[in-house]
Amino acid sequence: MGKYIVGVDVGGHNIRSVISDLEGKILTRRSARINRDASDAEANVTLLAEEIISSLEDFGISESSLAGIGVGVPSPVDPESGTLIASPNIPYWTGLRLGTALQKYISAPVEIENDVNIATLGEYWKGSARGCKNFFFIGIGTGIGGGAFINGTVHTGKHFCAGEIGYLVLAPNQKERRVGDLGWFESVASGLALDQEGKRAAYMNPTGKLTAIAGSPDKVNAVTIFEAARQGDSDAAAILEQAFEYYAMAVINISALLDPDAIIFGGGIAAQGEALLAPIRKKAAAYELWAPDLRCAELGEEAQIYGAVYLIASKYL
């Protein structure tokens with residue numbers, strides 16, 4: 001058995017890779033930019049392979065020292081074949097058997113998984129979900145994703161899309177809809193949705209705290225909104241009040257369906273801590289149904305890295 005693991009987080013813009021020991025101690029790191037102008041799938045496969053090989057060379061070890069390579073990708077993944085079901089952020093990777101493609105360059109075993117699912121695993125192994133046998137991870141960023149950890153494993157479902165709560169229909173009667181939007185959770189409460197609402201409010205009130213804190217309406221984002229609300233800004237408070245209601249609705253829906261030990265809020269918004277969780281708890285309680293422990297993720301972007309490592313380490317721990 002090899003002594004080391006390569007963990008890789010492939011994002012829409014960057015590849016981050018680490019070498020770890022079997023216990024998850026990070027020993028070395030690299031990063032590279034995704035080639036978004038690639039003319040075929042192989043260009044970024046080659047880039048990924050080169051990053052992994054360079055990591056091994058930097059650390060001075062051979063492929064024979066590897067227990068395996070864990071890779072998180074922005075796509076649902078068929079775990080049997082390693083096929084990426086839908087990967088619009090990386091040119092030509094939809095339908096790619098990434099593990100097979102990588103093994104043309106590197107002989108070590110390769111495990112591929114969806115990026116939110118590996119963040120879920122990362123929080124289970126090294127983060128705020130340690131000790132939970134059943135929990136749900138909500139990743140709030142540009143969109144909203146989720147991971148369902150049930151009886152000690154991530155549940156992926158028939159189409160490998162289980163946990164995609166960004167598509168929960170929470171606002172079916174909203175008047176303004178993007179093309180294809182049926183009132184989805186992520187269209188009303190994602191980081192992008194908060195940014196858009198904040199910018200709209202700042203343009204309507206250019207002398208308000210939102211504009212003052214951000215510097216201009218165009219620079220308003222979720223962080224600005226939380227800060228303005230802390231300073232008593234009514235526009236920011238109204239935006240968050242609406243978002244908290246949607247988060248509470250999601251909590252109650254998840255609780256009714258899965259009855260988990262905990263729900264973990266991840267993504268950049270998790271940095272808000274109790275400023276995020278306290279109002280969600282209050283609103284969830286108003287539904288007079290059971291709700292699990294609500295926690296913020298501890299690992300940030302490191303959740304994907306630790307989750308990628310855990311794809312391999314779990315086989316040996």
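Helices (H or I, at least four residues) and strands (E, at least two) are DSSP runs, numbered from the N terminus. This is a predicted model, so local features need pLDDT of at least 70 and side-chain atom pairs count only at pLDDT 80 or more, while totals for chains, interfaces and linings use all residues. Residues are numbered from 1 along each chain as its sequence is written, and side-chain values use heavy atoms, with hydrogens and water left out.

Let us start with a pocket, which on a 1 Å grid over the protein atoms alone is an open set of points with protein on both sides within 12 Å along at least five of seven lines; a cavity is a set where a 1.4 Å probe fits but cannot get out, and lining residues have an atom within 4 Å of a point. The second largest pocket has a volume of about 410 Å³, the volume being the space filled by probe spheres set on points joined across faces, edges and corners. Of its 19 lining residues, Glu-111, Ile-112, Glu-113, Leu-311 and Lys-315 are the closest to its centre. Strand β7 gives the largest share of this lining, four residues. Elements that give two or more residues are α2 (98-102), β7 (110-114), β10 (153-155) and α10 (302-313).

Now look inside. The structure holds one cavity of 30 Å³ or more, and about 50 Å³ of space lies in the largest cavity. Its lining includes Pro-76, Asn-114, His-155 and Glu-164.

Finally, visit Trp-290, in the loop between α9 (274-285) and β12 (293-296). Trp-290 counts as partly exposed because its relative accessibility is 48%, between the limits for buried (under 20%) and exposed (over 50%), with a 1.4 Å probe and protein chains only.
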